[in-house]
Amino acid sequence: MKRRLFLKSAMAGSAVATAIGAGLLAPRAVMANSDAFKAISSKMDAAAASAGKGSFTFKAPKIAENGAVVPMTVDASGMADVSNISILVKENGTPLCCSFNMTGANGEVSTRVKMGKTSAVTALVTAGGATSAVTQEVKVTIGGCGG
Amino acid sequence: MSIKLKPRARNGNIDIKLLIKHPMETGLRKSKGKLVPANHITDMTVAVNGTTVMKADIGSAVSKDPYFKFSTPGNKGDEVTVSYNDNKGKSGSASKKA
Amino acid sequence: MKKLTTLFLGLSVAVGFTNANIDPQADQDAFINYFKKANPNVALEDYSVGAYALDEINRGQFEDILSGITPYEDAVEKGGEEFADLGLGKCAALADPAAARVKHPYFDEVQGKVITLEMTIAKCYNEVTGKKIAKNKGRIARLSAWISDQAAGEKINVKVESDAAKAAYQKGKATFYAKRGEFNLSCADCHVYNHGKKARADVLSPALGHTTHLPMYRAKWGGLGTLHRRYGGCMKNMRAKPYKSHGEEFANLEFYQARMNNGFEITADRYRK
Amino acid sequence: MKKVLLTTVTLFALSANANFNSSSHNWNMGSDPFKSTISAAESIYKEVASVNAWRDTAKLIKDAKAAHAKGDSAKALKLAKVAHNQAVRAKEQIPAMKNAGPRF
């Protein structure tokens, strides 16, 4: 199942590459992220869709002050054996922002993320082999004069 | 590109704050009508005393001058090392004792 | 009758603006009272965080960024290195950086004008290197931010004493309250009378506390910038042609604004959206 | 269409010139509204610029002149009028600026 999903997205990636080569697609429509990264993104996106609600904290602002710098914190330090923490912004071209594979580090991460527009944002935590998610909406508004 | 690394030991854990100076261009932004080529970090590794404790896949949606905060089991004097690669083949690393 | 009223008004205007009647302390008391009344739940010292004092969601993000590694930390450190490498400490006016920050802006009786910290840095830079320094961003902002960091926690204490100083203060005050530009807005229209309200998605910052964290880092700029850079941007947004950075108008405006903040702490928390 | 308009304008200008030669009445105002508007805009703008220049007035004047040089007289006149209006309104703001103060 996962393999098929991966293959599918990898193929989609190469189709896009061909399209650019043929001049069918403007480069603007294509995210800079590599095919390998997009594959992880698709995998995580699929995992998020079927994941149950997580019992960890996900802190992100309800309204982003500046879409270019949205601070987010995932704190799953209360969970045992956290092996991965990922953050997905649904409306971004490639939803996956970043994926952290823990091989000894504790289950908590803070970072700052870019968001193009208002979107559901999901934090995905894999602990003890089980994946769970917390989703919330982050509004991105267009600024006026900067206060 | 420089890395600002701040490890701090506390109660058997090391809190690690780090900031990598990097433009994190998505390849979608226009400047003076032209697209700015993609230039972003693709992966990052954090090690304590030479043992990898975290490996991250980083996309172009991480903000300019990426900032991360983690924690890992460890003690004062442990050496924390961070290294990264970007899509242009450049890499960087920094080490500091907690 | 009408003529009489006009005459009377004319007289009162003439009398109202002699230097003897310029009272910065009374102005500040009224200024602070206005904000206290508008926001009874905001502590006075909180005004140094600007619009964040009035918006909880944005303040959370501001504090998140401050508690991490700030995006300007590196630039400020670099400013310190540049200060040492260039030997700016050789200039008497900058020999004690913390004292220099507290002293500026001040009215220079010999030159007969307001001198801001950035003007002193520019002058010193020119004396030491023989070159000119850009006035709004880059090196001058790094140097000024580093110098200001040395005075973090100290209190703003602008002195308006001589008649000439009072005249400059009065000009700065008029600039603050004068409507200008295509939108016919004054600084005060947004940052006093409508502070805390939104202009599209942005909360209008209260003018009280405005000068405490400059130079500042703006995410919009992606770097540090000086107060005069911000003044210029604000004027442009209001569709007025900005006055010159380090020029008389902005220096006087800074003088007035800083005087309204006497007693506020100088802060090293330089982040804004 | 454009050609016709240009010809008309040229003719107009020529006749105005003739008029000027033969009499002393104010030919400038009536015959070339662009010239009179842009020169008024420029002189008022120059007068107010050091105290209260609006952001776009200088550019409007420049653009109006460029349009005029290209023969787009409709656009030139329109821009000149906007520039003139801006300069006039900027001037109107000035008297209140000098002694502006708080209303609390």
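# Notebook: contacts, cores and a pocket

**Entry 1. Chains A and B.** I began with the interface, where chain B and chain A bury about 2400 Å² between them, with 51% of that on carbon and sulfur atoms. I note here that the model is a predicted one.

**Entry 2. The largest nonpolar core.** I next asked which residues have the most contacts inside the largest nonpolar core. They are F31(C), F176(C), Y177(C), V192(C), F255(C) and Y271(C), in a core of 58 residues. Several elements of chain C give two or more residues to this core, including the helices α2 (24-38), α3 (56-67), α7 (139-149) and α8 (163-177). The strands β2 (113-115) and β5 (216-218) also belong to that list, as do α10 (227-237) and α11 (248-260). I recorded that α11(C) supplies the largest share, seven residues.

Leaving aside residues up to four places away in sequence, Y271(C) touches E65(A) and V69(A) in chain A. Within chain C, Y271(C) touches Y52(C), F62(C), I65(C), L66(C), P71(C), Y72(C), Y217(C) and A219(C). I also noted a second, separate core of 51 residues, which includes A60(A), L18(B), V48(B) and F68(B).

**Entry 3. Helix α10 of chain C.** I listed the buried residues of α10(C): L227(C), H228(C), R229(C), R230(C), Y231(C), G232(C) and M235(C). These buried residues pack against β5, β6 (223-225) and α11 of chain C. Just after α10(C), I found R239(C) with a positive phi of about 60°.

**Entry 4. T175(C).** This residue lies in helix α8 of chain C. Is T175(C) buried or exposed? T175(C) counts as buried because its relative accessibility is 13%, and the cut-off for buried is under 20%. Apart from residues up to four places away in sequence, T175(C) touches R180(C), C187(C), Y243(C) and L253(C).

**Entry 5. Y84(B).** I located Y84(B) in strand β8 of chain B, residues 79-86. Y84(B) is buried, since its relative accessible area is 3%. Between the C-alpha atoms of Y84(B) and P66(B) I found 11 Å, the two residues being 18 apart along the chain.

**Entry 6. The largest pocket.** I read a volume of about 1100 Å³ for the largest pocket. Which residues lie nearest its centre? They are N66(A), G67(A), A68(A), V69(A) and K114(A), out of 43 residues that line the pocket. By class, I recorded 16 nonpolar, 13 polar and 14 charged residues in this lining. V69(A), listed here near the centre, is also one of the residues touched by Y271(C).

**Entry 7. Chain D.** Of its 104 residues, 27% count as buried. Among the contacts in chain D with a separation of 6 or more, 62% join residues 24 or more positions apart.

Methods: Residues numbered from 1 in each chain as written. Chains lettered and ligands numbered in written order. Predicted model: local features only at pLDDT ≥ 70, side-chain atom pairs only at ≥ 80, totals over all residues. Heavy atoms only, no water. Core = buried A, V, L, I, M, F, W, Y, C linked by side-chain atoms within 4.5 Å. Buried < 20%, exposed > 50% of the residue type's maximum accessible area, 1.4 Å probe, protein only. Helix = DSSP H or I, 4+ residues; strand = E, 2+ residues; numbered from the N terminus. Contact = heavy atoms within 4.5 Å. 1 Å grid on protein atoms, 1.4 Å probe; cavity = no way out; pocket = protein on both sides within 12 Å on 5 of 7 lines; lining within 4 Å. Points joined across faces, edges and corners; volume = space filled by probe spheres on them. Nonpolar A, V, L, I, M, F, W, Y, C, P; charged D, E, K, R; others polar. Buried area = accessible area lost by both parts, 1.4 Å probe.
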